[in-house]
Amino acid sequence: MKSITMHMFSCLLILLLSHSYGAQALPSAKDLMMEIKQTGARNVLDRLWNDREMFDKLCIKIASGKEEWLEVAAALKPVSDAGSSESLEMSAAAALPNNPRGVLQLVERGFDIGWVCGEPRFEAPAEETLKHFNRALSALQKVKDPSLRKLKQECVGHSASHCHKVGNI
């Protein structure tokens, strides 16, 4: 009986410890970049991807459009596979209205312009999707960097085209 009680206690302790690990906060962008430099982007991406809650937190941070999180996305993208790549690009698409210049720079670094500026894969009602594209188009107009002019025009074309498609649904 004593060994069963000890076994149950051990299992409960393991369960509690594993649950508290899953509830950890996402490391800062600076800490993730340091970890990427030390252990490699593939190791960091695998660790985050295997903890869906943590990876979702990462995607929310990328969607904010803050430069430091876009840098993390850029560092992880080259080693991403289909699932993680899609999530990173969806997060960049969500960031477009918040930081169009930074997102265009992600396109320069390998993000797919059709995904980022065109048809985001997040499911939202047509009204919300139109709102997103109108905000993105407005934000893109504020990008004045001459080195991004061609990408900006292409991105505007993708966004306007998709906005028109959604408006006709």
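**Cysteines, aromatic rings and helix packing**

Cys59 is buried, with a relative accessible area of 13%, because burial is assigned to values under 20%. The structure described here is a predicted model, and one disulfide is found in it. This bond joins Cys117 to Cys155, whose sulfur atoms lie 2.0 Å apart. Since Cys117 belongs to helix α8 (residues 113–118) and Cys155 to helix α10 (residues 149–167), the pair ties together parts that are 38 residues apart in sequence. The torsion about the S-S bond of Cys117 and Cys155 is about -95°, and the disulfide is therefore left-handed. Both Cys117 and Cys155 are buried.

A pair of aromatic rings is described by the distance of the centres and the angle of the planes. One aromatic pair was counted in the model. The ring centres of Trp49 and Phe55 are 4.9 Å apart and their planes stand at 85°, so the arrangement is edge-to-face. Phe55 is buried, at 0% relative accessibility, whereas Trp49 is partly exposed, with a relative accessible area of 27%. The ring of Trp49 also has the charged end of Arg52 over it, 4.0 Å from the ring centre. In a further case, the charged end of Lys77 sits over the ring of Phe111, 5.7 Å from its centre.

Helix α3 spans residues 41–49, and its buried residues are Ala41, Val44, Leu45 and Leu48. Viewed down the axis of α3, these buried residues fall within an arc of 95°, so they line one face of the helix. Among the elements that cover the buried residues of α3 are α2 (29–39), α4 (52–63), α5 (67–76) and α6 (82–95).

Methods: Residues are numbered from 1 along each chain as its sequence is written. This is a predicted model: local features need pLDDT of at least 70, side-chain atom pairs count only at pLDDT 80 or more; totals for chains, interfaces and linings use all residues. Side-chain values use heavy atoms; hydrogens and water are left out. Rings of Phe, Tyr and Trp (its six-membered ring) pair if their centres lie within 6.5 Å; planes under 30 degrees apart count as stacked, over 60 as edge-to-face and the rest as tilted. Buried means under 20% relative accessible area, exposed over 50%, partly exposed in between (1.4 Å probe, protein chains only). A charge sits over a ring if NZ of Lys or CZ of Arg is within 6 Å of the ring centre and within 35 degrees of the ring normal. Helices (H or I, at least four residues) and strands (E, at least two) are DSSP runs, numbered from the N terminus. The arc is that of the directions from the helix axis to the C-beta atoms. Contact means heavy atoms within 4.5 Å. A disulfide is a pair of cysteine sulfur atoms within 2.5 Å.
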